[in-house]
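The following exercises are to be worked through with the sequence and the model in view. Each task is followed by a solution in steps.

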Amino acid sequence: MCPSADAGVPEIPPSPRGVRVQRVVTSGSIRHGSNSVELENNVWLVGDDERCVVIDPGHDGRAIVKSIPVGRRVTAVVSTHGHQDHINAVAQVCDATRAPSYLHPADRMLWDRLYPVTPDKDLADGDVITVGDVDLHVLHTPGHTPGSCCLYAPALQVLFSGDTLFPGGPGATGREFSDFDTIIDSIRTKLFTLPEETVVLPGHGDATVIGAESPHLTEWVERGW
């Protein structure tokens, strides 16, 4: 586990009321077919000194909870999609913080493989999750999974892209329930319409900005991944 101030994420100024972004990197293995795959995940904390939202709690719920100071209330635990590495610490974090879990209902078939209970709240395109003076706008961006969502915080000029957009291209679409044409359409219509200076904070690896990625859309379409 490590906090966000590193070479992979630019400094993001806090909002006027002190809402800031922190990255916690967790690691673990997941089953992919008959193989075990090691992954590092970005878990994002967005909030002020009093409250925060946890985005994509994967692998190590104890480490995530330990990164949240005592007295800072978690108001939402949001999964951008239902893949195991983005939800397998939801139970630990929700149990420890008593915060509600959020997931788009189109990814329930993935959630149900891991959990016998339903998520507390559904995500839907156009929803707004507020923390302090920052609104997180839910953008439904199917393709990586049917229920994939991104969270856009215009006050911070930040997009939490889950596994929809990375430096150099879209998220993988070689797994079940994924579709390349759909993710390209989501990126074109929902993400590349955002301001070019918007910082993209993905579910794995380093950050990028919309303006660095949008000129390459045709290239991604032509290569097919």
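Throughout, a residue is buried at under 20% relative accessible area, exposed at over 50% and partly exposed in between, with a 1.4 Å probe and protein chains only. The model is predicted: local features need pLDDT of at least 70, side-chain atom pairs count only at pLDDT 80 or more, and totals for chains, interfaces and linings use all residues. Residues are numbered from 1 along each chain as its sequence is written, and side-chain values use heavy atoms, with hydrogens and water left out.

**Exercise 1. Describe the overall build of the protein.**

Step 1. The secondary structure consists of seven helices and 14 strands; helices (H or I, at least four residues) and strands (E, at least two) are DSSP runs, numbered from the N terminus.

Step 2. Along the principal axes, the C-alpha atoms occupy a box of roughly 50 × 40 × 30 Å.

Step 3. Of the 225 residues, 53% count as buried.

**Exercise 2. Characterise the aromatic pair of Phe192 and Trp220.**

Step 1. The structure contains three aromatic pairs. Rings of Phe, Tyr and Trp (its six-membered ring) pair if their centres lie within 6.5 Å; planes under 30 degrees apart count as stacked, over 60 as edge-to-face and the rest as tilted.

Step 2. Phe192 and Trp220 form a tilted pair, with 6.0 Å from centre to centre and 50° between the planes.

Step 3. This pair links distant parts of the chain, 28 residues apart: Phe192 lies in the loop between helix H5 (180-191) and strand E13 (199-202), and Trp220 in helix H7 (residues 217-223).

Step 4. Phe192 and Trp220 are both buried.

**Exercise 3. Which residues other than glycine have a positive phi of about 60°, and is each buried or exposed?**

Step 1. Most residues other than glycine have a negative phi.

Step 2. Asp56, although not a glycine, has a positive phi of about 60°. Its place is the loop between strand E3 (51-55) and helix H1 (61-66). Asp56 counts as buried because its relative accessibility is 1%.

Step 3. Arg98 likewise is not a glycine and has a positive phi of about 60°. Arg98 is in the loop between helix H3 (90-97) and strand E5 (101-103). Arg98 counts as exposed because its relative accessibility is 78%.

**Exercise 4. Trace the six-stranded open sheet and the setting of Ser101 in strand E5.**

Step 1. The strand order is E1-E2-E3-E4-E5-E6, with mixed pairing. Two strands pair if DSSP finds at least two bridges between them.

Step 2. Strand E1 (20-32) and strand E6 (121-122) are the edges, each pairing on one side only.

Step 3. E5 and E6 pair in the parallel sense over two bridges. The bridge partner of Tyr102 in E6 is Lys121.

Step 4. Ser101 belongs to strand E5 and counts as buried because its relative accessibility is 4%.

Step 5. Leaving aside neighbours within four places in sequence, Ser101 is in contact (heavy atoms within 4.5 Å) with residues including Val77, Cys94, Trp111 and Lys121.
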